[in-house]
Amino acid sequence: MVFHVFYPALAILVLFMAVLIMLMLRFGSKWCKLRHTAKPPEYDWEDKTYEQKVSYA
C-alpha cells in the first residue's frame, strides 16, 4: 500500500548505489588506492603485527 509512494525514491537510491559500486570497482585504484589483487604470500607481516612481551611475575 505505502510501497508505491516510496518506489521512485527507492529505485533512485538503488540505482545510485549500483553506479557508485561500479565506479569504485573501475576507478577505485586511482581515486582512493583500493587494491584489487591479493598480496603475495611472502608479504612481510611480522614487522606490521603488534607484539607485546608479557611477564608472568
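User: What makes residues 6-25 a "transmembrane region" here?

Analyst: The label comes from UniProt, where an unreviewed entry lists residues 6-25 under that name. In this predicted model, the span is 100% helix and 0% strand, with its end C-alpha atoms 29 Å apart. The protein has one helix and zero strands.

User: Why is Met-17 called partly exposed?

Analyst: Its relative accessibility is 41%. Buried requires under 20% and exposed requires over 50%, so Met-17 at 41% falls in between and counts as partly exposed. Met-17 is located in helix α1, residues 3-31.

User: Which residues make the nonpolar surface patch with Met-17?

Analyst: Val-5, Phe-6, Leu-10, Leu-13, Phe-16, Leu-20, Met-24 and Leu-34 make the patch together with Met-17, and the patch covers about 810 Å². The accessible surface of the protein is about 6100 Å², and 69% of that belongs to carbon and sulfur atoms. Buried residues make up 2% of the 57 residues.

User: How do you know that the rings of Phe-27 and Trp-31 are stacked?

Analyst: The count comes to one aromatic pair. The ring centres of Phe-27 and Trp-31 lie 5.2 Å apart, and their planes are at 25°. Pairing needs centres within 6.5 Å, and stacked needs planes under 30 degrees apart, so the pair is stacked.

User: Why are Phe-27 and Trp-31 separated by about one helical turn?

Analyst: Because the two are four residues apart in helix α1.

How values were computed:
Residues are numbered from 1 along each chain as its sequence is written. This is a predicted model: local features need pLDDT of at least 70, side-chain atom pairs count only at pLDDT 80 or more; totals for chains, interfaces and linings use all residues. Side-chain values use heavy atoms; hydrogens and water are left out. UniProt positions are given in the numbering used here, feature names are shortened, and annotations may be inferred rather than shown by experiment. Buried means under 20% relative accessible area, exposed over 50%, partly exposed in between (1.4 Å probe, protein chains only). Accessible areas come from the Shrake-Rupley method with a 1.4 Å probe; for residues, only the protein chains shown count as cover. Patches are made of residues with over 30% relative accessible area and no salt bridge: like charges are joined within 9 Å, nonpolar side chains (Val, Leu, Ile, Met, Phe, Trp, Tyr) within 5 Å. A salt bridge is a side-chain nitrogen of Lys or Arg within 4 Å of a carboxyl oxygen of Asp or Glu. Rings of Phe, Tyr and Trp (its six-membered ring) pair if their centres lie within 6.5 Å; planes under 30 degrees apart count as stacked, over 60 as edge-to-face and the rest as tilted.
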